[in-house]
Amino acid sequence: MVGPIVALGMLVIVPAGLRLMDAEGTAAVRRLWPLFALPGAVCLWLPRGAAATALATCYAAGTVLLALHAPRRLLRTRSAAPAEIAVLTALVSPSVAGLALVAERTGHRLFGFDLEILALTVPHFHFAGFAAALVAGLVCRAADGPGGQFAALSVPLGTLLVLLGYFLDDWAELAGALVLTAGMWAVALLTWRDVRGTRAGTDDRLTRTLLAVSAGVRLATMLLALSWALGEATGLPHPDLTWMAATHGLGNALGFGLCSVLAWRRLKGAVP
């Protein structure tokens with residue numbers, strides 16, 4: 001289940017998301033992206049070893065190249081607006097996934113993490129990192145106001161806190177999940193109330209449907225994320241990782257990530 005989700009992120013979500021950013025900043029890496037993404041997708045189906053590691057390293061190099069656009073963009077825009085912070089987070093997030101992918105394909109327990117956790121880190125930072133942060137930035141620009149700013153700031157902050165929770169403890173990860181959930185629910189609410197109602201247009205049923213699905217799915221998948229984080233921190237019964245991949249992971253990939261990117265590609269309007 002994890003392999004197809006990650007491949008979707010590499011081959012579809014990231015390149016489609018890059019097209020929603022300004023061409024001046026990402027045109028070059030967008031043209032080169034298939035050269036990195038295709039080896040990355042192939043390595044997912046190979047057994048751990050030298051070949052898988054080499055292909056994963058190729059993908060990781062592409063994510064580093066993408067991450068280098070974050071400081072360049074910051075120097076060019078000189079802006080710390082909430083929407084900009086969200087976009088910068090989106091540019092950097094795949095590099096975390098790339099590092100985890102190389103370690104997992106090598107069979108190396110990076111920072112002591114189990115290989116299963118490293119494998120799940122890869123889709124997490126494609127969808128909760130790249131896609132969620134990018135969409136939060138888009139929503140912030142489309143629905144300018146306190147709600148949009150909260151969404152654009154809390155999604156990157158929640159993603160960072162979840163990452164820090166990996167190194168600290170389950171309670172820190174739960175705190176990150178709470179912040180990320182609040183941000184994603186704000187994104188869902190603004191998508192449904194403002195973007196879907198005013199940006200999509202009453203006659204564009206497909207765009208409105210894609211936005212509605214992305215908002216509704218996000219409400220459900222973040223509840224699953226909260227239940228897992230709460231269970232890990234307290235010992236209460238909660239879904240296992242296999243169930244989370246089949247529900248939370250698949251829902252985020254198809255219902256939120258894919259539908260959101262397709263909808264915003266159709267909107268063509270509010271781009272960072």
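Which elements each supply at least two residues of the lining of the largest pocket? The legends below take up this point and two others. The model is a predicted one, in which local features need pLDDT of at least 70 and side-chain atom pairs count only at pLDDT 80 or more, while totals for chains, interfaces and linings use all residues. Residues are numbered from 1 along each chain as its sequence is written, and side-chain values use heavy atoms, with hydrogens and water left out.

**View 1. The largest pocket and the helices that line it.** α1 (2-18), α6, α7 (146-167), α8 (170-199), α9 (205-234) and α10 each supply at least two residues of the lining, helices being DSSP runs of H or I of at least four residues, numbered from the N terminus. The largest pocket has a volume of about 740 Å³, a pocket being an open set of points on a 1 Å grid over the protein atoms alone, with protein on both sides within 12 Å along at least five of seven lines, and lining residues having an atom within 4 Å of a point. Of its 34 lining residues, L120, H124, Y166, E173 and W228 lie nearest the centre, and α6 gives the most to the lining, with 7 residues. By class, the lining has 21 nonpolar, 7 polar and 6 charged residues, where Ala, Val, Leu, Ile, Met, Phe, Trp, Tyr, Cys and Pro count as nonpolar, Asp, Glu, Lys and Arg as charged, and the others, Gly among them, as polar.

**View 2. The contact of α6 with α10.** The axes of α6 (residues 115-142) and α10 (residues 241-267) come within 10 Å and cross at roughly 30 degrees. That makes α6 roughly parallel to α10, a term used for angles under 35 degrees. The contact (heavy atoms within 4.5 Å) is made by residues including L120, F127, V135 and V139 of α6 and N252, F256, S260 and W264 of α10. The residues of this contact divide into 13 nonpolar, 3 polar and 1 charged.

**View 3. The largest cavity and its lining.** The count comes to 1 cavity of 30 Å³ or more, a cavity being a set of grid points where a 1.4 Å probe fits but cannot get out. The largest cavity, with a volume of about 50 Å³, is lined by V135, V139, V187, A188, T191, L211, S214, A215, R218, F256, S260 and W264. Two or more of the lining residues come from each of α6, α8, α9 and α10, and α9 gives the most, with 4 residues. By class, the lining of the largest cavity has 8 nonpolar, 3 polar and 1 charged residues.

Notes: Axes are lines fitted to C-alpha atoms, for helices over the stretch in contact, and angles run from 0 to 180 degrees between N-to-C directions. Angles under 35 degrees count as roughly parallel, over 145 as roughly antiparallel, 65 to 115 as roughly perpendicular and the rest as oblique. Grid points are joined across faces, edges and corners, and a volume is the space filled by probe spheres set on the points.
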